Amino acid sequence: MTALSALMRRDIRIALRVGGGALIGVLFFLTVTVLMPFAVGPDLALLTRLGPAILWLGALLASLLTLDRLFMADHEDGSLDLIVMSRTPLELACAAKALAHWLAAGLPLIVATPVLGLLLNLDGSATLAVALTLLAGTPALTFTGMIGAALAVTLHRGGLLLAVLVLPLSIPVLIFGVAASQAAIIGPLPFGTPFSILCALSLVSFVVGPFAAAASLRHGLD
Amino acid sequence: MMRLSGQNLRCVRGGREVFAGLGFAASSGEALAITGPNGSGKTSLLRVIAGLLVAAEGSIALDGGEAELTVAEQAHYLGHRDALKPALSVLENLSFWRDFLGGDSGDAVRCLASVGLDHATHLPAAYLSAGQRRRLSIARLLVVRRPVWLLDEPTSALDTKGQDLFVGLMRDHLAGGGIVIAATHTALGIDVREMRMGGAP
Amino acid sequence: MSLIDLANPTKFLALTARVLPWLAGATAILLLVGLYQSAMAPDDYQQGATVKIMFIHVPNAWLSMFVWGIMSIASLGTLVWRHPLADVAAKSAAPIGAAFTFLALVTGSLWGRPMWGTYWEWDARLTSVLILFLMYLGLIALWHAVEDPSRAARAAAVLTLVGAINIPIIKFSVDWWNTLHQPASVIRMGGPTLDNAFLIPLLVMAIAFSLLFITLHLAAMRNEILRRRVRSLQMMQANQRAA
């Protein structure tokens, strides 16, 4: 347990210290959201209708792009070798790293959502609904994207290829995340149905993500 | 009394056979120096022992070690890269590895003193020179006790004073019943058994 | 010849050399029979002659998922048993699976055209097949992005297995999403009340296409094994020059 909390504390500390890693994700999220009115026009009614979808797409891209270096940085300085060799099961170490990343980079996105909701003409309850779905859904994005981050180490490359590989896997999260937000805003579906499926998706990713990432990292370090 | 041995090891990387039919052994208090030209597989052999590369054939065992742990879990690996985070302070770097590696661990500040870095404990690791970074990663070997040290060119970045210091630390480790396996171009300064790789068969 | 012997690439090459002509012949005959029966099948009272696209579309759609299943089994072989032939099987199945998936997409779109009045409708089944197609393309891109085949094999195996877990989830999500947005536009493809006049040709075609896959897959595996031999021979040559 000390090993995992040490790993999480280290990763969060680095994320907060180095060039505002978390802030760049939020900045990206903000920029993508600001771009949307230029693409679809500043029609407030339309923006309200598209609001949850825009926020979800922004959060999806922001969390995937910041994940790129989750394992790569540790691989480059040799830390990953020692993490693989250690007495801590690699699956747990991967999960701890992903959780730390979510706390440092995912949570700020959710904190920023109310401000962005304002720009998209979402009212208080709608913004709250979107923030709640992001809170339940972004861990799934982080834990799915972690597989891509681990593949980046095995493949010696990141960037577009990984986005292409990982994005189709996040379609279910996107579907239920947006559906739950829409259900809360315009109905007619009860909010609970898609929301509980969204939570289930997150739980599934907590299991699949670390195992897949560890399988990719173990013996993939030559 | 411990004995680390490998038998009939074969390593393939990228479709190319690096070595085959290789065996080695080292007992407590013994140092094994792996020498040979570039590309002869010194680093690959260390990484196979560390469990970071999978041998295509053969087996590695640590007799007399803890039965429920793998060889890698009872070994320190000091590679070319220092495994340091420039954003963290010297002490934070070392404390992290102490907490993460776990097991039989000592006091981080005292270990920093024994590698001559106690004046810089709260400075970011980014400010260290290459030799100081090396000393800091050597401190990792001291702060957590592991019977097997796997060293890849351990003295490369060290000056004469640093090398002397490291020789002393290796002597202490061997005297305490440890095992050292080092891939090296230069003499280590301790009594070693040499194993040459990549020579004519 | 036991199953263990098959795992040896050389024995695999020898055996498949003998089996492949027979397999190809059987595939050709069955395909001809299936096509003839499909052509002779009566028109549907609702869809007219377009229903015959089904005899091509359904086997392709079935194979698009079956091939991913084959690749998943091969991926387990790569990760668990580290078997070289498993890498070969997974790698050579991907382009074939992608081709079947593409055919399923095209035939599905053509079939839907008279129904929907447009070539593409975000119909649940077609959308799922489209996502599957994207995943195939990503997997092929991954295989080609890395020079070292064993490293690529591990990464591809992880991705294939994650995909295998995800495909049912994606399918479920897309179905759910579809009923949410367009409950009226789901067309019945086939359905449980399929007449024997349709069922028998469909079954023949499904078997014929499965045989086609096996034939193509074995041939592609042979090519891949030979390609790897060429690669290692070239490497040996490079090393000799250096020595």
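In which sense, right-handed or left-handed, does H3(A) cross H9(A)? In this predicted model, H3(A) passes H9(A) in a right-handed crossing.

For H3(A) and helix H9 (residues 171-186) of chain A, the angle is about 150° and the axes are 9 Å apart. Angles over 145 degrees count as roughly antiparallel, and H3(A) and H9(A) are therefore roughly antiparallel to each other. On the H3(A) side, the contact uses A:Pro52, A:Ala53, A:Trp56 and A:Leu60. Facing them in H9(A) are A:Leu174, A:Gly177, A:Val178, A:Ser181, A:Gln182 and A:Ile185. Sorted by class, the contact of H3(A) with H9(A) holds seven nonpolar and three polar residues, with no charged ones.

H3(A), which covers residues 44-67, also packs against helix H6 (residues 90-119) of chain A. This time the angle is about 155°, and the axes lie 11 Å apart. That angle makes H3(A) roughly antiparallel to H6(A). The crossing of H3(A) and H6(A) is right-handed. H3(A) brings A:Gly51, A:Leu55, A:Ala59, A:Ala62, A:Ser63, A:Thr66 and A:Leu67 to this contact. From H6(A) come A:His101, A:Ala105, A:Gly106, A:Leu109, A:Thr113, A:Leu116 and A:Gly117. The residues of the contact of H3(A) with H6(A) split into seven nonpolar and seven polar, and again none is charged.

Now for chain B and its sheets. One is an open sheet of three strands, in the order S2-S1-S4, with antiparallel pairing. Strand S2 (16-27) and strand S4 (57-63) of chain B are its edge strands, each pairing on one side only. From one strand to the next, the twist averages 15°. Strand S1 (residues 3-13) of chain B is joined to S2(B) by eight bridges, in the antiparallel sense. As one example of that pairing, B:Gly6 has B:Phe24 in S2(B) as its bridge partner. Helix H1 (residues 42-49) of chain B lies across S1, S2 and S4 of chain B, and runs at about 120° to S1(B).

The other sheet is an open one of five strands with parallel pairing, and its order is S5-S6-S7-S3-S8 in chain B. S5 and strand S8 (193-196) of chain B each have a single partner strand, so one side of each is left without a neighbour in the sheet. The twist averages 15° from strand to strand here. At one end of the order, S5(B) and S6(B) run parallel and pair over four bridges, with B:Leu78 standing opposite B:Leu151 in S6(B). Strand S3 (residues 31-35) of chain B is joined to S8(B) by four bridges, also in the parallel sense; B:Leu32 has B:Arg193 as its bridge partner in S8(B).

In a regular strand, side chains alternate between the two faces of the sheet. In S5(B), B:Ala75 and B:Tyr77 point one way while B:His76 and B:Leu78 point the other way, and all are buried. Helix H5 (residues 160-175) of chain B lies across S3, strand S6 (148-152) and strand S7 (179-183) of chain B, at about 140° to S7(B).

What about the loop between S7 and S8 of chain B? B:His185 lies in that loop. Because B:His185 has 12 C-beta neighbours inside 10 Å, B:His185 counts as exposed.

Chain C has seven helices and zero strands. Of its 243 residues, 36% count as buried. Among the contacts in chain C with a separation of 6 or more, 79% come from residues 24 or more positions apart.

Technical notes: Residues numbered from 1 in each chain as written. Chains lettered and ligands numbered in written order. Predicted model: local features only at pLDDT ≥ 70, side-chain atom pairs only at ≥ 80, totals over all residues. Pairing = 2+ DSSP bridges. Helix = DSSP H or I, 4+ residues; strand = E, 2+ residues; numbered from the N terminus. Axes fitted to C-alpha atoms, helices over the stretch in contact; angles between N-to-C directions. Contact = placed C-beta atoms within 7 Å. Parallel < 35°, antiparallel > 145°, perpendicular 65-115°, else oblique. Left-handed = near helix turned anticlockwise from the far one by under 90°. Nonpolar A, V, L, I, M, F, W, Y, C, P; charged D, E, K, R; others polar. Buried ≥ 20, exposed ≤ 12 C-beta atoms within 10 Å, placed from the backbone.
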